[in-house]
Number of protein chains: 2
Amino acid sequence: MQAFSFKNPTKIIFGAGQIKLLGPELVADGIKHCLLIAGGGSIKANGVYEQVTDSLQKAGIVISESWGVQANPRLDKVRELIALARELQVDAILAVGGGSVIDSAKAVAAGFYLNDIWNAFRGSEQVKQALPIYTVLTLSATGSEMNGNAVITNNDTTQKWGISSALIYPRLSIIDPSVQSTLSFRQTASGAIDAIAHILEYYFANDTAKSTLAINAALLKTIVEMTDRLKLNAGDYEARANLAWAATLALNGTSGIGLNEGDWACHAIEHSFSALHQEIAHGEGLGVIFPAWIGYVSDRAPARFAAWAKEVWAEDSVSLALHKFRGKLEEWEMPGSLRDLGIKDPELPTLVEIILSGAPRGLGEVFKLSKDDLQALLVLAF
Amino acid sequence: MQAFSFKNPTKIIFGAGQIKLLGPELVADGIKHCLLIAGGGSIKANGVYEQVTDSLQKAGIVISESWGVQANPRLDKVRELIALARELQVDAILAVGGGSVIDSAKAVAAGFYLNDIWNAFRGSEQVKQALPIYTVLTLSATGSEMNGNAVITNNDTTQKWGISSALIYPRLSIIDPSVQSTLSFRQTASGAIDAIAHILEYYFANDTAKSTLAINAALLKTIVEMTDRLKLNAGDYEARANLAWAATLALNGTSGIGLNEGDWACHAIEHSFSALHQEIAHGEGLGVIFPAWIGYVSDRAPARFAAWAKEVWAEDSVSLALHKFRGKLEEWEMPGSLRDLGIKDPELPTLVEIILSGAPRGLGEVFKLSKDDLQALLVLAF
């Protein structure tokens with residue numbers, strides 16, 4: 001079990017009907033004017049927008065709004081939002097949406113105090129301060145509601161890069177699982193795969209952190225079981241709630257305890273897919289690359305992958321577990337290959353280039369992938 | 001899954017050799033003078049005292065010391081420490097020890113600002129401020145290193161009562177599992193049972209919080225497995241580390257998510273044992289009462305107890321699971337009955353009185369225990 005340091009200061013308020021607590025929480029923190037940022041308007045359709053603005057108005061909070069954050073959120077939008085936050089002199093950023101909106105909020109909160117937010121992603125400026133961040137989550141997937149990470153795509157350079165800072169943990173996230181009942185199953189499943197992938201990025205890093213590995217197996221099985229239930233009944237509140245909480249735990253620090261920093265090769269690879277094709281959902285890309293990656297690297301640490309096969313899939317061999325994993329993704333009607341994602345054969349070298357541009361020292365913290373490995377892996381996933 | 005609110009601001013630094021980071025952390029927080037509180041001197045034998053004072057001295061922190069905190073920590077000692085902290089005008093409390101020392105530190109930190117700390121336990125004064133609390137953990141058991149609870153015994157009234165406050169979470173806890181290798185197996189096992197009991201207090205509260213229940217089963221199995229390993233080899237670092245982290249998670253909020261507030265009847269009952277017989281280790285008392293309680297109440301929610309039997313003990317019936325649970329405690333050479341704990345038959349009515357004095361509205365948040373239930377349960381456990 002690797003030595004570690006852990007601190008997660010985010011407050012979570014969780015449950016049906018809890019959004020009404022938002023206003024009083026902001027008042028208690030002394031917030032007077034927030035910039036509400038959101039995506040394309042689904043929060044108006046599902047009633048979340050009304051609940052949020054009702055609660056804030058009753059509490060006397062001034063709200064400014066900006067809409068139009070896209071999936072795979074873009075740097076140009078973040079810069080626009082930073083300019084707006086400065087112009088309005090807001091004292092908090094409120095993200096109402098999924099991971100893209102929350103990641104954008106984090107970049108805005110930090111960028112508010114920087115010369116240019118992209119400098120923080122490039123490493124030439126350091127986050128030293130950030131506006132307080134509040135979130136109301138509408139899609140359980142990225143875990144961004146309870147961590148200090150943000151991933152933004154620079155469309156000029158097709159770089160999809162991340163920052164991590166103790167200063168951009170949300171101060172409060174409200175998770176009302178009932179508002180997710182209007183999601184399509186495709187959105188639900190894609191979110192579930194994102195959460196699964198977060199756990200898998202840590203799972204194989206060592207085999208000594210038994211307590212974390214046992215928790216991770218429990219979370220993986222819970223996510224699969226709850227997603228199966230939601231395929232049958234999108235309105236199954238208990239399944240929504242348990243999936244939502246498992247997805248939060250998948251990337252709030254809990255799943256990585258004692259497992260070094262995890263591997264993260266699959267995330268880097270997937271980021272290249274959506275940097276090139278912004279229409280690819282992050283979870284769907286991960287669902288394609290992860291099984292291929294497990295197949296490709298599992299013989300480098302057979303015992304760890306065998307433990308995953310046994311604990312999560314009740315199988316004695318990695319091949320059989322992979323067969324079940326892929327079968328599950330197929331059952332959920334997720335894409336099974338790069339081709340299914342809409343990627344063309346001639347694009348593979350470009351993907352390799354994009355991946356290596358973000359990882360000049362090679363890919364994978366635990367299982368190193370050379371350029372040759374990457375090429376082979378993409379062919380396998382194609 | 002019950003609605004919940006969760007926030008745990010404690011920073012954890014975990015791993016062999018990490019105590020040296022204490023001084024720099026206090027400096028970063030602006031601490032200049034701390035009151036180090038400790039128990040009977042085991043921290044001198046195991047080298048922890050030297051590591052702590054070395055780190056603080058190098059960092060230029062002034063240390064005042066007070067020794068002699070006992071197991072089942074006493075109100076009179078807490079009052080003495082509060083007077084000392086005021087006299088010295090320290091700006092932080094540093095607990096070096098196990099749960100008793102940490103709980104005392106919390107009571108001192110809060111009591112520093114109160115007319116009388118026992119008022120907070122009686123509910124007549126509210127904790128509104130506390131000195132910052134730092135801990136270096138030497139026995140994994142109570143989880144106090146990462147929560148806002150403190151349990152203190154008022155020896156004048158034989159009341160063993162608790163407080164909970166967001167203000168008494170340690171700011172930082174350092175957990176170096178390697179320092180626990182000098183514990184006796186009896187201490188290790190008693191600590192493990194305490195952690196098991198914390199999880200069990202939540203486990204049966206409902207059967208909808210599947211994500212938490214899956215984690216709790218994983219933690220329970222891990223604790224048993226690691227304790228078995230430590231019985232064979234007290235120096236097994238990985239077993240120490242995983243047991244330590246599981247014990248922290250057992251009462252840092254994680255294990256109670258979505259499970260209402262748990263039941264806590266067994267803790268209240270055990271507190272009466274050690275209020276009457278201060279020599280009874282908390283974990284040993286819990287090891288006696290919990291199996292008896294499960295046997296007594298399991299038919300009130302058969303499905304929840306059957307799930308525990310299956311998930312944790314791989315048994316189809318609660319009786320068989322209880323047989324395994326009791327067998328495990330026996331294997332660990334833990335007391336199996338109130339008689340084994342040194343309690344005498346004529347003391348049972350006194351125990352009932354003590355228990356009901358702390359729970360005038362009856363016992364058990366989930367499974368209510370009347371006075372008759374209590375009497376029957378104690379006879380069963382005798």
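This is a predicted model: local features need pLDDT of at least 70, side-chain atom pairs count only at pLDDT 80 or more; totals for chains, interfaces and linings use all residues.
1. Strands here are DSSP runs of E with at least two residues, helices are runs of H or I with at least four residues, and both are numbered from the N terminus; two strands pair if DSSP finds at least two bridges between them.

2. On conventions, residues are numbered from 1 along each chain as its sequence is written, and chains are lettered from A in the order in which they are written. Local features need pLDDT of at least 70 and side-chain atom pairs count only at pLDDT 80 or more, while totals for chains, interfaces and linings use all residues, and side-chain values use heavy atoms, with hydrogens and water left out.

3. Where do the two chains join within the sheet? Strand S1 (residues 4-14) of chain A is joined to S1(B) by 7 bridges, and these two strands run antiparallel. A:Phe4 has B:Phe14 as its bridge partner in S1(B), and A:Ile13 has B:Ser5 as its bridge partner in that strand.

4. S1(A) is also joined by 4 bridges to strand S8 (residues 172-175) of chain A, and here the strands run parallel. A:Ile13 stands opposite A:Ile174 in S8(A), while A:Ile12 has A:Ser173 as its bridge partner in S8(A).

5. Turning to the interface as a whole, 35 residues of chain B are in contact (heavy atoms within 4.5 Å) with 35 residues of chain A. The two chains bury about 2,800 Å² between them, 64% of it on carbon and sulfur atoms, where buried area is the accessible area (1.4 Å probe) that two parts lose on being put together, summed over both. In chain B, the residues that lose the most area to chain A are B:Met1, B:Phe4 and B:Trp245, together 20% of what that side buries.

6. Strand S1 (4-14), helix H8 (210-232) and helix H9 (237-250) of chain B each supply at least two residues of the side that touches chain A, and S1(B) gives the most, with 11 residues.

7. How many salt bridges link chain B and chain A? The count between them is 0, a salt bridge being a side-chain nitrogen of Lys or Arg within 4 Å of a carboxyl oxygen of Asp or Glu. Over all chains, however, a search of the whole structure finds 26 salt bridges. A:Glu25 forms a salt bridge with A:Lys11, with the closest N and O atoms 3.0 Å apart; this pair links distant parts of the chain, since A:Glu25 is in helix H1 (residues 22-28) of chain A and A:Lys11 is in strand S1 of chain A, 14 residues apart.
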